[in-house]
Amino acid sequence: MEQPYKRRNLLKNKLLKRIILSRNLQPIATLLAFAPFIFVAVTGIIGISSGAKNFSVVFTWILWSVLLALLLVPFLGRSWCFLCPIVWPGELIQRKLWKRFGSSKLMNLRWPKILQNVWLQIFIFIFFGIWMVVLVTQPFVTAIAVIMLITGATVTFILFPRRSFCRYLCPPGLFIGLYSAYSPIEVRVKDRNICLTPTSEGGCEKECYSGSENGYGCPWFEFPQNMVSNIDCGLCTECFKTCPRDNIALNARPFGAELKSESMRRKPDEAWRALILLAFPLVYTAVLFGPWAWIKSWGDLLLYTNSVGMVQHFFYIILIIDIVLGIIPGLHLLASMGSKLLSGTKDISTKRLFVNYAYAYIPLGLMLWVGFNFSLLMIEWSYIPVVLSDPFGAGWNLLGTTHLPWMPIALPIPIAEVAFALSGVLLSLKVGYNSLIAIYPNRKQAVRALIPFAILTTAIAIVYVWFYI
Amino acid sequence: MYGSISKVIRLGKQTKVKKSWVERFMSIFILIIIMLAVYGVVYWNETSRFPVLGEEDTKVFYVTALMWEYYPTEIRVLEGDNVIIHLTSIDVPHGFYLEAWNITSNVSPNQTETIEFTADKVGKFEFYCIFYCGIGHEDMRAYVVVEEKG
Amino acid sequence: MLLVLIVIGIAVGTVGMGLAAAQQQDSYVKQFTLKAFRFGFEPARLVVNQGDIVVITIESVDAIHGFYIEDYEVRQDFITPGSPETVSFVADRMGMFRIHCSTICGSLHPFMMAQLEVQPNLRFIGSFFVISGLSVSFIAYVWMRKED
């Protein structure tokens with residue numbers, strides 16, 4: 001279970017510790033996030049239908065999702081989940097039920113074992129991702145998506161225990177969770193031996209999982225004693241409050257450190273998660289930033305031109321699904337097969353290579369998402385002050401910035417995109433090499449096995465860069 | 001160690017968590033925000049206006065012209081009201097012609113034109129764009145609906 | 001280390017040769033008639049050579065559109081159907097430059113795009129070699145490493 005890398009416990013800082021251990025921090029932060037999202041729903045429903053002038057679209061897709069991809073996830077991991085507002089109506093109801101019925105779920109429903117993975121979450125994400133064209137341009141669709149998420153979360157929280165929604169259903173959670181593995185902070189126990197002390201010898205009663213009067217048991221079903229990955233830790237800070245031995249730390253660590261350690265179990269559903277999240281920024285770049293107007297209009301469900309019908313829209317859906325679920329995973333499968341061939345040994349199966357190496361796409365995928373969002377921000381940032389002055393598009397001018405012209409900052413984009421692609425490739429190869437070294441006994445075999453994956457990684461980065469340079 | 005694990009598996013009655021004051025009133029705060037939002041949406045649907053404090057008989061509307069529609073599509077007032085419309089455009093120059101009161105206006109993207117009239121007739125009156133703005137220009141229209149008082 | 005140097009050498013050499021070749025080409029005037037519609041441009045890819053004088057006449061087909069080229073900062077807003085506008089500039093920088101619509105024309109306006117490619121696209125060719133070179137160097141490096 002040892003993860004031998006440098007870490008520094010940030011909670012040693014007295015002020016930070018007081019802030020994080022305060023029970024007021026999370027509710028206040030959540031309220032500050034809840035208000036704008038409800039406003040997103042309101043402006044989306046009653047505001048102007050032109051997305052670029054409506055708070056709903058601009059806040060969600062040019063401010064929030066960019067902030068998420070450029071700052072929150074790469075540096076602070078699953079920090080959004082700490083203040084995510086969409087689950088709070090549900091979580092409040094759930095906790096009231098807990099108090100009253102002594103159980104955090106109605107009707108004793110357990111999250112089905114067969115769904116205790118991310119397959120369903122992947123399909124929900126793909127569902128939202130396919131309709132990106134209307135989702136990010138129509139205020140009404142954005143509003144409905146927010147309302148659907150709040151409603152879905154509330155229902156799930158009432159029926160199922162703890163944060164089952166967040167772990168197994170939430171679409172942004174698919175992205176946030178996976179790439180939090182790369183972030184430079186983590187929650188881990190300080191000294192595992194303290195956790196392993198039996199109760200009879202003064203050990204704790206696992207309050208981190210079951211809760212105490214100082215806090216709730218981990219809503220994410222994580223057991224700090226055994227945690228080796230950030231992917232399912234929502235940084236809710238409950239475990240810091242409940243541990244009677246103060247044995248849980250918030251560590252700063254090198255980027256992606258957990259990916260290079262061997263103790264992380266590699267699972268097939270997560271491998272596909274990494275592949276699909278690698279494919280999507282490529283797809284978004286090609287559809288939204290590419291020169292092919294026909295793809296955009298075929299994907300635009302609220303059709304403006306008479307020439308595009310349901311057949312074309314259906315074809316568009318098939319095309320996206322093909323790339324995301326077929327082509328990219330298919331190429332990875334080919335690379336795995338080539339890898340097995342080149343390594344010259346029959347002991348390591350193609351499937352094992354497929355699953356193990358997919359985790360190496362985490363840094364590459366993250367860099368492509370960062371690149372896509374960076375380009376979006378540089379071109380469309382000037383809509384943000386406009387929409388803060390006139391959120392409904394009605395003609396208000398609250399801050400005086402309603403008539404700001406469109407001011408794209410295009411100059412840094414090409415060089416930045418190459419930089420993102422380069423760092424993505426390098427970091428991905430490093431993680432990939434470490435993954436292969438861990439399963440091949442012979443170093444030269446591992447390097448030979450790396451070659452097909454390196455070719456695929458390079459090809460993906462080059463195709464991505466083509467759209468920007 | 002094994003004793004504590006069986007305690008964990010038993011998800012029975014939990015100890016009550018000592019909540020902070022913000023947490024205690026979270027449901028109230030969230031409810032307030034949701035109710036404000038619902039109020040705003042319902043008010044808008046009824047009146048096509050945003051809640052504005054002012055004289056009872058003067059109704060202020062913000063109308064945006066864009067290719068190729070007006071937002072909102074309907075302006076509802078009562079007979080006898082003093083109607084003020086702040087007209088703006090978000091993309092290209094548009095026109096405004098309200099036949100029933102013979103009001104003409106043009107508006108460019110960075111401007112706001114103010115139109116004022118008294119709603120002395122009851123009925124549904126059309127206004128439309130009179131400045132060519134593209135192939136949808138012909139269909140660009142919206143309505144002023146004047147209802148009887150009382 | 002040696003491999004890295006070799007790869008960088010190839011990249012630099014290509015760029016250098018390309019620059020030299022470009023200098024020797026004659027400059028032509030390239031004329032394009034670009035149709036702007038909801039939500040794209042036709043033709044969507046304009047290919048010119050470095051040094052050409054590019055003249056683009058933009059016609060709006062339906063709504064009022066705009067025209068903007070990244071990096072070159074060529075911009076023309078409010079192109080009304082029936083009144084085409086012409087822009088011209090010298091394509092002195094090589095690369096692929098995205099073309100955007102600069103007047104809000106509908107829902108997909110922010111994604112209404114075309115591409116101007118000024119050949120030879122040394123930016124892309126250079127990136128191709130640098131990224132490939134990085135992968136090759138990495139593999140060479142881990143192959144030749146003594147310890148683990």
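**Strands, helices and contacts in a predicted model**

User: How many bridges join strand β1 of chain C to strand β4 of chain C?

Analyst: In this model, strand β1 (residues 29–37) and strand β4 (residues 53–60) of chain C run parallel. Strands are DSSP runs of E with at least two residues, helices are runs of H or I with at least four, and both are numbered from the N terminus. Two strands pair if DSSP finds at least two bridges between them. The number of bridges joining β1(C) to β4(C) is eight.

User: Which residue of β4(C) stands opposite C:Gln31?

Analyst: Strands of a sheet pair through backbone hydrogen bonds, either parallel or antiparallel. The residue of β4(C) that C:Gln31 faces is C:Val55.

User: Which strands stand at the edges of the open sheet of four strands in chain C?

Analyst: The pairing in this sheet is mixed, and the order of its strands is β2-β1-β4-β7. Neighbouring strands are turned by 30° against each other on average, direction ignored. Two strands of chain C have a single partner strand each, so one side of each is left without a neighbour in the sheet: β2 (40–42) and β7 (85–90).

User: Where in chain C is C:Phe39 found?

Analyst: The peptide bond from C:Arg38 to C:Phe39 is cis, with omega near 5°. The place of C:Phe39 in chain C is the loop between β1 and β2.

User: Is helix α22 of chain A roughly parallel or roughly antiparallel to helix α2 of chain C?

Analyst: Axes are lines fitted to C-alpha atoms, for helices over the stretch in contact, and angles run from 0 to 180 degrees between N-to-C directions. The axes of α22 (residues 443–466) of chain A and α2 (residues 122–144) of chain C come within 10 Å and cross at roughly 165°. Angles under 35 degrees count as roughly parallel, over 145 as roughly antiparallel, 65 to 115 as roughly perpendicular and the rest as oblique. The crossing angle therefore makes α22(A) and α2(C) roughly antiparallel.

User: How many charged residues does the contact of α22(A) with α2(C) have?

Analyst: Two residues are in contact if their C-beta atoms, placed from the backbone, lie within 7 Å. Ala, Val, Leu, Ile, Met, Phe, Trp, Tyr, Cys and Pro count as nonpolar, Asp, Glu, Lys and Arg as charged, and the others, Gly among them, as polar. By these classes the contact has 14 nonpolar residues, five polar residues and, as for charged residues, none.

User: Which element gives the largest share of the side of chain B that touches chain A?

Analyst: In this interface 37 residues of chain B are in contact with 42 residues of chain A. Elements giving two or more residues to the chain B side include α1 (2–9), α3 (26–47) and β1 (58–66). By class, that side has 18 nonpolar, 13 polar and six charged residues. The largest share, ten residues, comes from α3(B).

User: What is the mean pLDDT of chain B?

Analyst: Over residues 1–13 of chain B the pLDDT is below 50. In chain B, 87% of the residues reach 70 or more, and the mean pLDDT is 84.

Key
Residues are numbered from 1 along each chain as its sequence is written. Chains are lettered from A and ligands numbered from 1 in the order in which they are written. This is a predicted model: local features need pLDDT of at least 70, side-chain atom pairs count only at pLDDT 80 or more; totals for chains, interfaces and linings use all residues. pLDDT is the predictor's confidence in each residue, from 0 to 100.
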